[in-house]
Amino acid sequence: MSTTPTHWYKDAIFYEVSPRAFLDGNGDGMGDFIGLTESLDYIRDLGVNCIWLLPMYPSPLRDDGYDISNYLDVHPQLGNLDDFKRFLAEAKKRDLRVIADLVLNHSSDQHPWFQEARKGTSNPYHDYYVWSDDPHKYAEARIIFTDTETSNWTWDETAKRFYWHRFFSHQPDLNFDNPKVREEMLDVFKFWMDLGLDGFRADAIPYLFEREGTNCENLPETHVYLKELRAFMERNYPDAILLGEANQWPEYVLPYFGKGDQLHMSFHFPLMPRLYMAIRQEDRHSLEWIINRTPSIPETCQWAIFLRNHDELTLEMVTEEERAFMWREFAPDPRMRLNVGIRRRLFPLLENDRRQVELLHGLLLSLPGSPVLYYGDEIGMGDNVYLADRFGVRTPMQWNDNRNAGFSRAKPSQLYMPVIDDPGIYHYQAANVEAARENKTSFYWWLVNLIGHRKRFKAFGHGDIHFLQPDNPKIFAYVRSYELESILVVANLSRVPQPVELELSKWRGATPVEITGQTPFPQIGPEPYQLSLGPHGFYWFHLVTPDAA
């Protein structure tokens with residue numbers, strides 16, 4: 001085991017996978033670790049560095065595994081611990097790291113801890129959860145799932161008390177004021193990292209503690225606990241990471257990094273909707289605004305940035321006017337909406353417009369942070385808005401044009417979720433891995449190529465950002481710099497061609513070499529640098545100085 005952290009996550013590209021959705025290895029209609037192990041060559045060949053697994057633990061699956069009933073095992077539908085160990089070993093043979101979702105905030109109401117806790121205040125597990133005789137306690141805490149919950153308290157008939165939950169009522173919150181709960185979580189970390197896991201994506205961390213007179217979010221006690229957790233990791237697993245889910249404004253996420261002694265990484269939620277807003281409004285200012293609003297973080301920390309994931313495209317970090325705009329533009333059918341977000345996949349969101357999809361990836365892979373890709377987006381998978389909750393974006397991976405999209409040998413009626421088989425461009429016979437890999441002009445190959453070019457330059461994962469602010473607001477231009485590397489990114493947010501003049505006198509004498517084709521452009525001189533960009537086009541230039549050349 002390495003005793004020195006390598007900060008590998010700063011250069012990583014993450015690939016988010018649902019084990020039950022990826023490949024069925026035993027033919028029962030559910031994806032599993034046998035199938036995921038068989039798929040590792042495919043994942044490696046994308047060029048990603050780290051797999052992020054959605055919940056894999058025993059669960060009643062009332063929230064797709066985020067309701068955990070046993071933290072120390074694998075859900076039997078996904079296999080067993082030996083299958084998981086084999087998967088990890090094969091991943092490491094391919095230089096792939098693996099992190100897993102871990103829900104710290106709450107468990108399933110079917111967890112043995114909660115079943116014991118219900119027996120009354122004398123039971124030693126009762127204090128593993130948050131109870132009250134008064135359902136008006138912590139009244140200032142907002143209700144997160146407004147579509148389904150009317151209160152953060154639910155009456156338990158057995159315990160004759162109310163229990164606290166920030167999410168679904170079948171997910172009681174754990175009591176992190178109890179030292180025994182904190183010890184239990186350290187044991188969970190130790191169990192999985194001893195098996196070889198490279199870290200965790202920590203779910204819903206802003207809600208771990210409750211205090212009267214507050215909104216029960218981002219409390220100081222949370223940071224004390226995260227320091228405790230991070231210190232444990234530093235002592236025992238110094239190269240493992242903790243990636244936090246804190247859907248907050250960046251200045252409120254900043255304390256979760258601490259002085260480099262809490263989270264290693266955190267998602268940048270407010271950036272994501274503004275990427276979509278920018279291309280629809282054909283204006284860069286919302287992107288510049290949110291990035292300028294983002295404070296500096298410790299050198300060893302990193303943002304995780306993304307376009308889509310397993311949840312709805314959240315619109316919590318926008319104004320009401322912006323949310324109405326996003327719903328109108330990207331979710332005209334009410335079935336496409338959930339909570340305060342949009343439950344659609346990437347390609348349907350952009351009406352299968354490849355230029356827009358490529359532009360967003362050109363930004364995702366060049367803005368500050370480590371990119372997170374969502375399984376299936378690389379082959380243009382569609383969604384199913386007729387499925388409940390978030391399941392419409394969690395359908396089986398589409399491997400080929402055979403029955404069940406090559407996902408499973410089971411009967412179609414046995415699948416855990418139907419494949420996309422509506423006629424059209426998203427039908428699994430049209431959008432699948434085999435077809436994408438056979439077509440050398442497919443988006444899949446375009447993305448593999450771009451990922452390969454990104455990995456050549458440290459500036460993308462480590463560099464600072466300098467906005468150029470040309471007069472044309474439809475052009476988004478910036479320079480990423482790290483040590484002797486400077487990368488110029490110029491993007492056209494418009495659906496029509498655009499000219500631009502860039503002030504590049506700081507780099508006078510350098511030659512912009514277009515990265516994907518290694519084509520040198522005219523040397524930068526004293527005059528504004530002129531470029532023309534096609535609809536939703538973008539350039540990545542390596543600014544090569546005479547000395548470097």
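Helices (H or I, at least four residues) and strands (E, at least two) are DSSP runs, numbered from the N terminus.

## About the model

This is a predicted model: local features need pLDDT of at least 70, side-chain atom pairs count only at pLDDT 80 or more, and totals for chains, interfaces and linings use all residues. Residues are numbered from 1 along each chain as its sequence is written, and side-chain values use heavy atoms, with hydrogens and water left out.

Start with histidine 7. It lies in the segment before β1 (14-17). Its relative accessibility is 27%, so histidine 7 counts as partly exposed.

Phi of histidine 7 is near 55 degrees, a positive value in a residue other than glycine. Most residues other than glycine have a negative phi. Glutamate 351 also has a positive phi, near 55 degrees. Where is glutamate 351 found? It sits in the loop between α12 (346-349) and α13 (354-364). Glutamate 351 is exposed because its relative accessible area is 62%.

## Histidine 310

Histidine 310 is in the loop between β10 (302-306) and β11 (313-314). Is histidine 310 buried or exposed? It counts as buried, because its relative accessibility is 0%.

The side chain of histidine 310 makes polar contacts. A polar contact is a pair of N or O atoms within 3.5 Å; within protein, one must be able to donate a hydrogen and the other to accept it, and residues adjacent in sequence count only if both atoms are side-chain atoms. One joins the side chains of histidine 310 and glutamate 16, at 2.5 Å. Another, at 2.9 Å, links histidine 310 to the side chain of tyrosine 66. Contact in general means heavy atoms within 4.5 Å. Leaving out residues up to four places away in sequence, histidine 310 touches several residues, among them Trp52, Leu54, Arg201 and Tyr374. Arg390, Val393 and Arg394 are also on that list.

Two packed helices are described by the angle between their axes and the distance between the axes. Axes are lines fitted to C-alpha atoms, for helices over the stretch in contact, and angles run from 0 to 180 degrees between N-to-C directions. Angles under 35 degrees count as roughly parallel, over 145 as roughly antiparallel, 65 to 115 as roughly perpendicular and the rest as oblique.

Take α9 (residues 271-281) and α11 (residues 320-330). Their axes come within 11 Å and cross at roughly 70 degrees. The two helices are therefore roughly perpendicular to each other. From α9, the contact uses Pro273, Arg274, Tyr276, Met277, Arg280 and Gln281. From α11, it uses Glu322, Phe325, Met326, Glu329 and Phe330. By class, this contact has six nonpolar, one polar and four charged residues. Ala, Val, Leu, Ile, Met, Phe, Trp, Tyr, Cys and Pro count as nonpolar, Asp, Glu, Lys and Arg as charged, and the others, Gly among them, as polar.

Now α9 and α10. Their axes come within 8 Å and cross at roughly 160 degrees. These helices are therefore roughly antiparallel to each other. Leu271, Arg274, Leu275, Met277 and Ala278 of α9 meet Ser286, Leu287, Trp289, Ile290 and Ile291 of α10. The contact divides into eight nonpolar residues, one polar and one charged.

## What covers α10

Which residues of helix α10 (residues 285-293) are buried? They are Ser286, Leu287, Glu288, Ile290 and Ile291. Their cover includes α8 (250-257), α9, β15 (464-467) and β16 (475-482).

Strand β16 holds tyrosine 478. Tyrosine 478 is buried because its relative accessible area is 0%. A polar contact of 2.7 Å joins the side chains of tyrosine 478 and serine 366. Beyond its neighbours within four places in sequence, tyrosine 478 is in contact with residues including Leu363, Leu367, Ile465, His466 and Phe467.

Serine 532 is in strand β21 (residues 529-533). It counts as exposed because its relative accessibility is 56%. Serine 532 and glutamate 501 are 31 residues apart in sequence and 9.0 Å apart in space, C-alpha to C-alpha.

Asparagine 384 lies in the loop between β14 (370-374) and α14 (433-438). Asparagine 384 counts as buried because its relative accessibility is 16%. It touches Gly392, Pro418 and Ile420, not counting residues up to four places away in sequence.

Technical notes
Buried means under 20% relative accessible area, exposed over 50%, partly exposed in between (1.4 Å probe, protein chains only).
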